[in-house]
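I opened this notebook to record what I looked up in the structure.

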Amino acid sequence: MSTSRDDVALVRLTDLTASFEAGGALRLRSTSAGIAARVPPQSALLLAFCSEPRTLDDVAENFGPQGAALFRKLAQVGFLVAEGEADATPAMFEGFGAIDVHRRMLADKVRLDAYADAIAQVVKPGMAVLDAGTGSGVLACLVALAGARVVYAVDRSELMDVAAETARRSGVDEQIRLIRGDFGTVQLPEPVDVIVTETFGALALAEGSAPDLEACVKRNLKPDGQVIPRGVRLHVAPVGARGAFDDAMDAFGTYRGVDLSALREPALGRAMTQDALPESLMHPGAVIADVPYPGMGAVVGGTARFEGLPAGELVGLMGWFTLDLCEGVELPTGPADPETHWKKTFLPLEPRPVAADATLDVEVALQAPADDRRALEVETRWRMGEAEGRVVHRVR
């Protein structure tokens with residue numbers, strides 16, 4: 001529930017589905033919000049009543065005190081929300097309840113080791129800590145094992161039951177307080193010393209977590225508190241390996257007489273997650289932005305100049321990021337770094353020849369598109385000799 005005021009009108013999520021379970025309980029599920037819970041069967045009637053915005057007084061008048069208590073419970077879980085939020089819950093959270101997603105993330109020991117090192121350095125015995133987007137609960141457990149007095153583990157995915165079991169099996173369930181909800185709106189019972197989050201996608205920013213975490217920091221972090229990570233660096237490099245372009249575009253040619261080239265132009269505007277070796281690049285790369293996290297602003301980006309390029313063919317830009325977790329601990333994801341589950345982000349360009357010793361200037365701006373704040377829009381302006389261009393890529 002985004003507010004604790006009982007006079008605020010709430011409405012049910014628009015995509016709720018229900019199934020009956022043994023014992024007469026209902027299991028409610030919202031794909032868009034990524035939440036599910038068992039509820040009493042009378043919840044169905046109350047949720048039908050809340051197809052229009054209703055206040056607690058409205059519910060009490062029609063369903064009595066028990067209905068009012070159930071109304072509060074459904075709001076706490078997240079099935080009832082303020083009217084403007086009913087259609088805006090991001091579908092991204094559904095995917096993060098999937099075992100396959102967590103298999104990739106938990107197998108990424110580079111990621112886990114870096115976070116474990118940062119937690120060991122920053123978290124001190126007796127601290128209160130928030131794990132924003134706890135998922136499997138692994139980071140919350142590492143925080144508890146580092147001696148935190150209490151760890152508030154916040155998430156809205158269906159994996160919360162697994163996170164609870166992970167805490168129990170790790171012997172830290174007494175320290176961890178699981179909260180099912182949105183860390184962008186949660187109000188904790190106390191300010192915390194540290195906020196830990198790993199809610200990063202392609203080019204770090206593609207999950208759109210920065211505004212949510214900034215709101216969380218304002219509500220819940222002590223004035224002298226610390227966020228892990230504390231900063232993000234974004235890197236780009238020109239790509240000269242034709243294979244990277246072919247991987248992204250070859251599907252949109254001709255297949256057994258079927259001309260699929262109508263898809264080629266829109267495909268040029270879509271980024272692709274790829275592995276990348278240093279030798280596929282025409283330059284080792286440059287930092288285009290080095291910003292604090294959160295609080296980086298709505299638009300992130302900068303310029304880079306790549307001089308002395310070898311003769312060949314420019315087929316796109318490769319992007320990656322480095323998380324500045326804490327003093328002395330970084331998590332890099334570049335072509336020359338140990339491989340992570342994020343890989344790299346390829347931004348295809350129409351191939352063009354590059355003369356020996358050429359200079360390429362690029363200006364890159366990243367922001368959330370208006371129609372999907374969990375995606376990322378990357379606008380690139382480039383110049384090489386007399387040639388120049390502009391392209392916008394969607395990153396998801």
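The entries below describe a predicted model.

**Entry on the cores.** I looked up the largest nonpolar core and found 82 residues in it, of which Ile195 and Val232 touch the most other members. Strand S17, residues 312–326, gives the most to this core, with six residues. I then listed the contacts of Ile195, leaving out residues up to four places away in sequence; among them are Leu130, Ala132, Leu213, Cys216 and Gln226. Another core, of 24 residues, lies apart and includes Val8, Leu16, Leu28 and Leu46.

**Entry on a helix pair.** I turned to helix H5 (residues 109–122) and helix H6 (residues 138–145), whose axes come within 10 Å and cross at roughly 30°. Their crossing is right-handed. H5 makes the contact through Leu112, Tyr115, Ala116 and Ile119, and H6 through Val138, Leu139, Leu142 and Val143. By class I noted eight nonpolar residues in this contact, with no polar and no charged ones.

**Entry on salt bridges.** I found 22 salt bridges in the structure. In one of them, the side chains of Asp182 and Arg156 meet at 3.4 Å, N to O. Asp182 lies in the loop between strands S8 and S9 and Arg156 in the loop between strand S7 and helix H7, so the pair ties together parts 26 residues apart in sequence. Both Asp182 and Arg156 are buried.

I also looked up Glu350, which forms a salt bridge with Arg264, the closest N and O atoms being 2.8 Å apart. Glu350 is in strand S19 and Arg264 in helix H10, so this pair ties together parts 86 residues apart in sequence. Glu350 counts as partly exposed, at 35% relative accessibility, and Arg264 is partly exposed at 26%.

Key: Residues are numbered from 1 along each chain as its sequence is written. This is a predicted model: local features need pLDDT of at least 70, side-chain atom pairs count only at pLDDT 80 or more; totals for chains, interfaces and linings use all residues. Side-chain values use heavy atoms; hydrogens and water are left out. A nonpolar core is a set of buried Ala, Val, Leu, Ile, Met, Phe, Trp, Tyr and Cys residues joined through side-chain atoms within 4.5 Å. Buried means under 20% relative accessible area, exposed over 50%, partly exposed in between (1.4 Å probe, protein chains only). Helices (H or I, at least four residues) and strands (E, at least two) are DSSP runs, numbered from the N terminus. Contact means heavy atoms within 4.5 Å. Axes are lines fitted to C-alpha atoms, for helices over the stretch in contact, and angles run from 0 to 180 degrees between N-to-C directions. A crossing is left-handed if the near helix is turned anticlockwise from the far one by less than a right angle, and right-handed if clockwise. Ala, Val, Leu, Ile, Met, Phe, Trp, Tyr, Cys and Pro count as nonpolar, Asp, Glu, Lys and Arg as charged, and the others, Gly among them, as polar. A salt bridge is a side-chain nitrogen of Lys or Arg within 4 Å of a carboxyl oxygen of Asp or Glu.
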